[in-house]
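Visitor: Hi! Could you walk me through this protein?

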Amino acid sequence: ACGSSQSSSSGEGDGAGETEKKEKLRVVTDAAYAPFEYMDKGEIVGFDVDFVEAVAKEAGYEVEIVNVGWDPIFVEIKDEIADFAVSAITINDDRKQTYDFTSPYFLSTNKILVPEGSDIESAEDLKDKVVAVQAGTTGQEAVDELLGKNSSNIKKFENNNLAIMELTSGGADAVVADNTVVEEYVKNNPDQKLVVIEDADSFAAEYYGLMFPKGSELKADFDEAINTVLDNGKYAEIYTEWFGS
Ligand code: ARG
């Protein structure tokens with residue numbers, strides 16, 4: 001905010017009319033990934049939303065979280081249109097070449113979602129199946145590796161809800177996505193008779209981070225604030241609210 005004007009060319013209301021308030025940061029997300037970020041009665045809600053609001057408050061910034069969709073997140077951060085992104089984004093070497101990440105705030109791994117009674121029991125079993133994924137995610141990467149990048153059995157969707165719809169409508173045999181997301185989906189949609197395969201070793205551990213433009217001067221403030229909310233009980237409070245103890 002103060003003094004650093006490396007972004008905010010978005011035209012999004014950045015504090016016009018507010019008196020002696022810091023500029024609102026533009027934070028982009030793909031709000032189709034419950035329980036991390038999703039739309040509820042026209043509002044973006046989720047664990048990530050509460051987390052970012054707590055961290056921003058600690059760091060002394062106001063944030064406006066904007067639902068732009070998954071691919072546009074990367075464009076906006078690369079072009080420094082948005083200040084940072086929160087979207088259950090996995091920190092990995094590939095992304096680190098183009099973006100800066102905070103320290104990790106959530107542990108995740110990919111898991112396989114299938115209809116009850118499916119003969120798929122492990123990642124190996126996906127090799128001759130049709131698999132739906134959200135394009136450009138680590139889930140897609142994992143499936144690319146198993147089935148071959150150019151396999152026509154990989155169906156790629158703009159968001160994860162569309163991938164799950166492909167599964168429930170019979171157009172795919174499985175979905176691969178972040179464990180918390182598919183587990184939450186099964187829990188909230190018992191009528192759809194889906195299950196998550198407990199195949200612990202197939203996919204690597206991943207960590208989510210907040211994603212900033214390379215060289216962003218804001219990131220240090222957020223790293224410090226993340227440490228604080230991890231230490232002072234605020235993170236635990238938000239975690240319990242969303243996931244129980
Ligand atoms: N963690 C995975 C990744 O970074 C999936 C994240 C998808 N997030 C979302 N809001 N759709 O590739």
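Predicted model: local features only at pLDDT ≥ 70, side-chain atom pairs only at ≥ 80, totals over all residues.

Visitor: Okay, how is the protein divided?
Guide: There are two parts in the division: domain 1 covers 24-105 + 209-243, and domain 2 covers 108-205. Their centres, taken over C-alpha atoms, are separated by 25 Å.

Visitor: How many residues of each domain are in contact with the other?
Guide: On the domain 1 side there are 11 residues, and they are in contact with 12 residues of domain 2. Strand S2 (32-33) and helix H2 (70-78) each give at least two residues to the side of domain 1 that touches domain 2. By class, that side of domain 1 has 6 nonpolar, 3 polar and 2 charged residues.

Visitor: Changing topic: what's up with the peptide bond from Ala 34 to Pro 35, cis or trans?
Guide: The bond between Ala 34 and Pro 35 is cis, and its omega is near 5°. As for location, Pro 35 sits in the loop between S2 and strand S3 (37-40).

Visitor: What about Lys 41, is its phi positive or negative?
Guide: Positive: Lys 41 has a phi near 50°, and this is a residue other than glycine. You'll find Lys 41 in the loop that runs between S3 and strand S4 (43-45).

Visitor: Now the helices. At what angle do H1 and H8 pack?
Guide: Helix H1 (residues 47-59) packs with helix H8 (residues 234-243) at about 160°, and the axes are 10 Å apart. That angle is why H1 counts as roughly antiparallel to H8.

Visitor: Is that crossing left-handed or right-handed?
Guide: H1 and H8 make a right-handed crossing. H1 brings Phe 47, Asp 50, Phe 51 and Ala 54 to the contact, while H8 brings Lys 234, Ile 238 and Trp 242. Sorted by class, the contact of H1 with H8 has 5 nonpolar and 2 charged residues, with no polar ones.

Visitor: And how do H1 and H7 cross?
Guide: The axes of H1 and helix H7 (residues 219-231) come within 8 Å and cross at roughly 110°, so the two helices are roughly perpendicular. The crossing of H1 and H7 is right-handed.

Visitor: Which residues make that contact?
Guide: From H1 there are Ala 54, Val 55, Glu 58 and Ala 59, and from H7 there are Asp 221, Phe 222, Ala 225, Ile 226, Thr 228 and Val 229. The contact of H1 with H7 has 7 nonpolar, 1 polar and 2 charged residues.

How values were computed: Residues numbered from 1 in each chain as written. Domains from an automatic or database assignment. Contact = placed C-beta atoms within 7 Å. Helix = DSSP H or I, 4+ residues; strand = E, 2+ residues; numbered from the N terminus. Nonpolar A, V, L, I, M, F, W, Y, C, P; charged D, E, K, R; others polar. Axes fitted to C-alpha atoms, helices over the stretch in contact; angles between N-to-C directions. Parallel < 35°, antiparallel > 145°, perpendicular 65-115°, else oblique. Left-handed = near helix turned anticlockwise from the far one by under 90°.
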